[in-house]
Amino acid sequence: MLSRRFIRWAPLAVLGLALAGCGKETPPPPTAQATPHSATLTWVASTSEISGYHVHRTTDPADIDPPFLDATPANVTEYVDKTVKPGVTYYYRVKSVRLDG
């Protein structure tokens, strides 16, 4: 089951970021580096037992339920989005996914 707890959007140059966790910890927000053709997101690993992370992306900073973009395994704490377009502001959310769902 995915946690619906929203941590925060944090504007970062051309990116906005948030990390939603399924544990009790409040992780620091992800960091990002952007180029005209990619955005690299990096986050601190969850201390809870998880099966992985879901990366969501939107262009609307008010979107509280951004569309799913991709998934990573639990041991991966970086994602490179190579589908970005120059001049577009993207907002990301990274959610940890619990083992049971």
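Me: Which residue of β7 is the bridge partner of Y53?
Reply: The partner of Y53 in β7 is T72. This is a predicted model, in which local features need pLDDT of at least 70, side-chain atom pairs count only at pLDDT 80 or more, and totals for chains, interfaces and linings use all residues. Residues are numbered from 1 along each chain as its sequence is written, and side-chain values use heavy atoms, with hydrogens and water left out.

Me: How do you know that β6 and β7 are paired strands?
Reply: Strands are DSSP runs of E with at least two residues, helices are runs of H or I with at least four, and both are numbered from the N terminus. Two strands pair if DSSP finds at least two bridges between them, and five bridges join β6 to β7 (residues 68-73), with the two running antiparallel. Strand β6 is also joined to β9, by eight antiparallel bridges, and within that pairing T58 stands opposite Y91.

Me: What makes β6 a largely enclosed strand?
Reply: The cut-offs for a residue are buried at under 20% relative accessible area, exposed at over 50% and partly exposed in between, with a 1.4 Å probe and protein chains only. Seven of the nine residues of β6 are buried, and therefore the strand is largely enclosed by the rest of the structure. For the protein chain as a whole, 41% of its 101 residues count as buried.

Me: What makes the aromatic contact of W43 and Y53 an edge-to-face pair?
Reply: Rings of Phe, Tyr and Trp (its six-membered ring) pair if their centres lie within 6.5 Å, and planes under 30 degrees apart count as stacked, over 60 as edge-to-face and the rest as tilted. A search of the whole structure finds two aromatic pairs. In the pair of W43 and Y53 the ring centres are 5.2 Å apart and the planes stand at 65°, so the pair is edge-to-face. It links distant parts of the chain, since W43 lies in the loop between β5 and β6 and Y53 in strand β6, ten residues apart.

Me: Why are W43 and Y53 assigned to the class they have by accessibility?
Reply: W43 has a relative accessibility of 5% and therefore counts as buried, and Y53, with a relative accessible area of 2%, is buried as well.

Me: Why is the pair of Y90 and Y92 called tilted?
Reply: The ring centres of Y90 and Y92 are 6.4 Å apart and their planes make an angle of 45°, so this pair is tilted. Both Y90 and Y92 are buried.

Me: Why are β4 and β8 called edge strands?
Reply: An open sheet of three strands has the order β4-β5-β8, with antiparallel pairing. Strands β4 (31-35) and β8 (78-81) each pair on one side only, and they are the edge strands. The twist averages 10° from one strand to the next. Four bridges join β5 to β8, with T40 opposite V80 and A39 opposite D81. On β8 itself, Y79 and D81 form the covered face, whereas E78 and V80 form the uncovered one.

Me: Why do R98 and T83 fall into the classes they have by accessibility?
Reply: R98, in strand β9, has 31% relative accessibility and so counts as partly exposed. T83, in the loop between β8 and β9, has a relative accessible area of 47% and is therefore also partly exposed. The C-alpha atoms of R98 and S51 are separated by 5.7 Å, although the two residues are 47 apart along the chain. For T83 and H37, 46 residues apart, the C-alpha separation is 7.2 Å.

Key:
Axes are lines fitted to C-alpha atoms, for helices over the stretch in contact, and angles run from 0 to 180 degrees between N-to-C directions.
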